[in-house]
Amino acid sequence: MAKCDLSIQLDDPKTVYPGGGKISGVVRVRADKDVHCKGLEVASVWKTHGRGNVATGTADSETVFSGEWRAGEQAEYRFELKIADWPPSYHGHYLSIDHYVDARAKIPWGFDPKASEPFLMRPTCGPEGAVVTSNVTEISGPIGCIIGAVIMTVFVGFGIAMLAAVGLFALLFIVPIGLIGGTIWFIKYFLPKFALGDVSCELEQDTVTPGTQIKGALLIRPKKNVTINGITMKLEAREEVVSGSGSNRTTHRNVFLEKEQTLQEATVLQAGAEHRFPLDVMLPDDAPFSVDLNDNDLIWTAKVRVDIPKWPDWTKDLKIHIAPSGEPLPAPAPTRAAAAPPEPTGTESAGITFAETAQHLWSVRDDVEQVDTLVEAVSGLTFQLDALVERRLLYSGEEDPQVYEDGYAIWAHHTDPPLPMVLYVPHELADEFEQIGRDQWSGRGTIVGWDHQHRRLQIKLERPGA
């Protein structure tokens, strides 16, 4: 049994902390027995959770005490630590990234008591700071060239020796592999380009921020008339994590956003002419940042496809890097009252539909005062509404007072206009939302406020039978 207990109290546990900033609070110690502590260490750390191999990092640490604690003694030690610039807090399906303040008391010849307190972090660095320095050592310069040459010589010599030893068997093994690879290349790359002629597809810039437009162009210069079924571009965001190593290495993928648009309907591309198709798609305001943490990645891609009838389609995946803008976090909106969050009241929205309410909010979404006025006018009203589910929100429980005690929150948006929303889901509807995935949900909910941080309408869903 530990000789002392640790707990952590943050000075501002409800806030979203800016990356690279400071976090402060106290570590409380309660000693059950006389104990010698070699060092009470407090650290600001981040760590991944989910299906992938764990990645972790330490932003800052300090030793706030060393010495003796007497039985029954209680003590507090203040700390102030730097927060990591990157990666951001994120909660997804296969990947979650959390930031913590960790405390550890180093006890000789005993178990070290520990405590941990999570907090939310949003980066304020620019694109150049959105990276985690790797611990992998790179070999470069003359030494790297020499080592590379030695490895290549050994590899080639081994291959020649194997070929001489097994002769015909090696040829029978290598030739089919080469034929398969060549066939795949011929079908996937050569045939589509042969049909379309000269094709180029590029983005104006591949590093963008949430809420901005991605622009580019697809250019096709066919040498002969080409009939196509159409051209599409799909914006895709996915989690891609790797678990295990060696022969047990497994990749898990979860696509959490798909948005497809048609660039061109079925037509005939005339020979000798340059056909230009603009690429233009708006990113969501709350688009998660791209993340590369070795075995834990968040990846954004624009997939362009030219559908050629009775012929292999031409495709290209354009990698998109979504990075922070470098702007500071907006100041939190003033709270009006410390009253308990309202339960759905059942007060019907006489004469007004949710679609009309969403349209009004959408039209004034950039005017904070008008948004507050409108939300205050409709708060407490219950509507029948439709929502397209995006993903489960990264906070729950005490981190948002609106969340049901046994429920959770998700991000969603209205269909037309695409008004962003936070839906507070009771436990009784959990299975229903798990089955829905990212499809459309229909039901009843009560407007309870506006999330200024993420610019979303807050709606508390009714418990079934309420």
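**Note on salt bridges**

1. Asp 295 is buried, its relative accessible area being 16%, because buried means under 20%. This value, like the others here, comes from a predicted model. The partner of Asp 295 is Arg 249, and the closest N and O atoms of this salt bridge are 3.2 Å apart. The two residues sit in distant parts of the chain, 46 residues apart. Arg 249 lies in the loop between strand S14 (230-243) and strand S15 (250-264), while Asp 295 lies in the loop between strand S18 (291-292) and strand S19 (296-307). Arg 249 counts as partly exposed, at 45% relative accessibility.

2. Glu 390 and Arg 456 also form a salt bridge, with 3.0 Å from N to O. This pair links strand S22 (residues 381-392), which holds Glu 390, to strand S26 (residues 456-461), which holds Arg 456, across 66 residues. Glu 390 is buried at 17% relative accessibility, and Arg 456 is buried at 1%.

3. The closest N and O atoms of the pair are 2.6 Å apart. Arg 78 belongs to strand S6 (residues 74-82), and Asp 11 to the loop between strand S1 (4-10) and strand S2 (16-18); 67 residues separate them.

4. Salt bridges also join into a network, which links Glu 236, Arg 238, Glu 240 and Arg 253.

5. How many salt bridges are there? The count for the model is 18.

Conventions: Residues are numbered from 1 along each chain as its sequence is written. This is a predicted model: local features need pLDDT of at least 70, side-chain atom pairs count only at pLDDT 80 or more; totals for chains, interfaces and linings use all residues. Side-chain values use heavy atoms; hydrogens and water are left out. A salt bridge is a side-chain nitrogen of Lys or Arg within 4 Å of a carboxyl oxygen of Asp or Glu. Helices (H or I, at least four residues) and strands (E, at least two) are DSSP runs, numbered from the N terminus. Buried means under 20% relative accessible area, exposed over 50%, partly exposed in between (1.4 Å probe, protein chains only).
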